[in-house]
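Try each task before reading its solution.

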Amino acid sequence: KKIPKVYRCFYITGKSSKPYNGGMTMKNTSPLDQVTSSLLEQQKCYDLILEKMEEQKKAIGLADEKRLLAIIAENDALIVATQKQEEKIRSVFKDISEDERNNIIKATATLREQIEIILKKLIALEKACEEKLNDEKAHIHEQIKALQQKTGVLKKYGKPGEEMSWFSKKA
């Protein structure tokens with residue numbers, strides 16, 4: 001599935017048949033509107049990533065590797081979309097005065113706090129998924145180790161025609 005050049009959350013995930021543009025064009029709006037629009041778009045993307053992380057956690061629990069890889073690919077596309085919005089915000093901040101920048105920061109404080117809450121949830125879910133994967137890795141490592149030990153014990157008995165075991169010269 002080829003990802004289009006337009007990195008919009010709703011376009012990528014297929015939840016809308018056309019790209020989501022926030023209802024406005026960036027060139028004809030004030031810096032505050034531009035930043036607010038980008039932050040809202042980031043929030044939508046992070047919400048979608050949060051949904052995908054819940055699915056990822058379930059896929060890990062079910063050991064569904066194909067679904068897990070698909071979810072990771074979807075999350076990567078959403079992360080690219082959030083990075084594009086971050087670039088837009090930086091671009092706006094680059095072209096405005098310090099006072100305007102401070103006013104925008106104050107005006108968007110609530111929205112940025114909401115995004116931070118979502119990010120904290122994402123980090124917690126990511127850590128939970130990482131722990132599950134590490135537990136599974138440790139379990140598989142233990143199984144391999146046990147199998148190697150069993151194989152080592154069997155090798156002591158030897159193959160027919162080779163040296164006999166130490167406890168019986170007839171066996």
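**Exercise 1. Is isoleucine 72 buried, partly exposed or exposed?**

Before starting, note that this is a predicted model, in which local features need pLDDT of at least 70, side-chain atom pairs count only at pLDDT 80 or more, and totals for chains, interfaces and linings use all residues. Residues are numbered from 1 along each chain as its sequence is written, and side-chain values use heavy atoms, with hydrogens and water left out.

Step 1. Recall the classes: buried means under 20% relative accessible area, exposed means over 50%, and partly exposed is in between (1.4 Å probe, protein chains only).

Step 2. Isoleucine 72 has a relative accessible area of 34%, so it is partly exposed.

Step 3. Now place the residue: isoleucine 72 sits in helix H3. Helices (H or I, at least four residues) and strands (E, at least two) are DSSP runs, numbered from the N terminus.

Step 4. Look across to isoleucine 49, which is 23 residues away along the chain; the two C-alpha atoms are 9.6 Å apart.

**Exercise 2. Describe the overall make-up of the protein chain.**

Step 1. Count the elements: there are 5 helices and 0 strands. Read from the N terminus, their order is α-α-α-α-α.

Step 2. Of the 171 residues in the chain, 26% are buried.

Step 3. Consider the contacts (heavy atoms within 4.5 Å). Among those between residues at least 6 apart in sequence, 70% link residues at least 24 apart.

**Exercise 3. Work out how H2 packs against H3.**

Step 1. Take the geometry: the angle between H2 and H3 is about 165 degrees, and their axes are 9 Å apart. Axes here are lines fitted to C-alpha atoms, for helices over the stretch in contact, and angles run from 0 to 180 degrees between N-to-C directions.

Step 2. Classify the angle: under 35 degrees counts as roughly parallel, over 145 as roughly antiparallel, 65 to 115 as roughly perpendicular and the rest as oblique. H2 is therefore roughly antiparallel to H3.

Step 3. Sort the residues in this contact by class: 19 are nonpolar, 7 polar and 7 charged. Ala, Val, Leu, Ile, Met, Phe, Trp, Tyr, Cys and Pro count as nonpolar, Asp, Glu, Lys and Arg as charged, and the others, Gly among them, as polar.

Step 4. Pick out threonine 82, which belongs to helix H3 and is buried at a relative accessible area of 4%. Beyond residues up to four places away in sequence, threonine 82 touches Gln42, Cys45 and Tyr46.

**Exercise 4. Repeat the analysis for H2 and H4.**

Step 1. H2 and helix H4 (residues 98-107) pack at about 40 degrees, with axes 10 Å apart. The pair is therefore oblique.

Step 2. Name the partners: Pro31, Leu32 and Val35 in H2 meet Glu100, Ile104 and Ala107 in H4. By class, this contact has 5 nonpolar, no polar and 1 charged residues.

Step 3. Move on to threonine 108, in the loop between H4 and H5. Threonine 108 is buried, with a relative accessible area of 4%.
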